[in-house]
Each structure stands twice: as structure tokens, then as C-alpha cells.
Amino acid sequence: MSFGQFQQSDSAASRSQGAMADINVTPMVDVMLVLLVIFIIAAPFMTHAIKLDLPQAQSAAVPEPANAIPIAFDAAGRLYWDKDLLSMAELESRLAVLARSNPQAEIQLRADKATRYEIIAQVMAAAQAQGLSRISFITDKKAAR
């Protein structure tokens with residue numbers, strides 16, 4: 001079935017007895033492959049990190065609770081319970097004793113800027129394993145400019 005045909009001679013009419021039922025998809029596939037390659041190459045350039053300059057704020061000092069346990073980390077990654085130098089095994093045993101005696105005790109973590117997060121995460125995991133869930137991070141007051 002054809003639409004909009006002009007009068008054709010008998011020889012041309014005999015060549016095309018029916019309508020062409022196939023669509024040539026080769027050009028469409030070529031275009032799609034080119035677009036795919038362009039997007040694959042361009043995708044890494046579209047994702048970029050956003051640099052944020054977060055606002056600096058000073059807050060009022062929060063009073064320390066009476067049952068707070070200070071744990072400090074120095075730049076070398078050494079642990080201090082109050083002012084006593086501890087190993088990770090000694091810290092875990094002290095956390096177990098603390099959890100049995102006072103499960104609502106708050107642990108205050110003070111870390112040097114150069115402290116690896118891995119060490120802090122290990123202490124937090126050890127405290128959580130003993131059932132201590134009140135952990136806070138202590139920072140120094142921001143210096144006025």
C-alpha cells in the first residue's frame with residue numbers, strides 16, 4: 001500500500017508491487033552510538049566537587065556533666081583516659097568496667113587535628129560494643145579574629 005503516488009509507467013509499477021516494509025535503522029544506530037560515546041567521555045567532566053566555605057560560628061560553652069569521662073588523642077594516635085596513657089586493650093577493659101558501673105556515663109573525645117579518624121572510630125566502636133552510647137566531641141573555642 002502506497003500513499004501519494006504519481007502516475008508511473010508500467011515498467012516502474014512492475015518493479016514495486018508492494019510497499020517497503022523495512023525501516024533502515026543503521027543511521028539511527030550510528031547516531032545513538034556516537035551519542036553514547038560522547039556521554040561516556042563527557043560524564044566525568046560533569047561531576048565535580050563543590051567547594052564550600054562553611055560559616056564559622058561560636059557557641060556558648062556547655063557545662064560538663066559530672067560523670068563525663070575525657071578521652072584524648074594526640075597527633076601520634078596515643079590514647080589518654082583523663083591524663084593516663086593507655087593502650088587500646090586497657091581502654092576496652094576500662095570501658096567495660098565503666099559500662100557495668102554507670103551505663104549512662106558520657107564519653108568526651110578530644111582529638112588533635114592530625115589524629116587519624118581510624119583511631120577515633122575504633123574507640124567509638126569499643127564504647128558502643130560495651131553499651132555506652134553517650135559520646136560527644138570536644139573542641140577548642142574558636143579564636144576571635
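Helices (H or I, at least four residues) and strands (E, at least two) are DSSP runs, numbered from the N terminus. On this basis, Ala111 is found in strand β4.

## Basis of the model

This is a predicted model, in which local features need pLDDT of at least 70 and side-chain atom pairs count only at pLDDT 80 or more, while totals for chains, interfaces and linings use all residues. Residues are numbered from 1 along each chain as its sequence is written, and side-chain values use heavy atoms, with hydrogens and water left out.

## Overall organisation

The protein chain has four helices and five strands. Read from the N terminus, its elements follow the order α-α-β-β-β-α-β-α-β. Of its 145 residues, 19% count as buried, where buried means under 20% relative accessible area, exposed means over 50%, and partly exposed lies in between (1.4 Å probe, protein chains only).

Contact means heavy atoms within 4.5 Å. Among contacts in the protein chain between residues at least 6 apart in sequence, 67% join residues at least 24 apart.

## Packing of α3 and α4

Two packed helices are described by the angle between their axes and the distance between the axes. Axes are lines fitted to C-alpha atoms, for helices over the stretch in contact, and angles run from 0 to 180 degrees between N-to-C directions. Helix α3 (residues 88-101) packs against helix α4 (residues 117-129) at an angle of about 30°, and the two axes are 9 Å apart. That makes α3 roughly parallel to α4; angles under 35 degrees count as roughly parallel, over 145 as roughly antiparallel, 65 to 115 as roughly perpendicular and the rest as oblique.

Met88, Leu91, Glu92 and Leu95 of α3 make the contact with Ile119, Gln122, Val123, Ala126 and Ala127 of α4. These residues divide into seven nonpolar, one polar and one charged. In this classification Ala, Val, Leu, Ile, Met, Phe, Trp, Tyr, Cys and Pro count as nonpolar, Asp, Glu, Lys and Arg as charged, and the others, Gly among them, as polar.

## The nonpolar core

A nonpolar core is a set of buried Ala, Val, Leu, Ile, Met, Phe, Trp, Tyr and Cys residues joined through side-chain atoms within 4.5 Å. The largest one has 19 residues, and those with the most contacts inside it are Ile71, Phe73, Trp81, Leu91 and Leu95. At least two residues of this core are supplied by each of β1 (68-73), β2 (79-81), α3, β4 (106-111) and α4. The largest share, five residues, comes from α4.

Leaving aside residues up to four places away in sequence, Trp81 touches Ile69, Pro70, Ile71, Leu86, Leu91, Arg94, Leu95 and Leu98.

Asp82 is placed in the loop between β2 and β3 (84-86). Although Asp82 is not a glycine, it has a positive phi of about 60°.

Ala111 is partly exposed, with a relative accessible area of 40%. Not counting residues up to four places away in sequence, Ala111 touches Phe73 and Ile120. The C-alpha atoms of Ala111 and Phe137 are separated by 8.2 Å, although the two residues are 26 residues apart along the chain. Ile138 lies in the segment after β5 (134-137) and counts as partly exposed at 24% relative accessibility.
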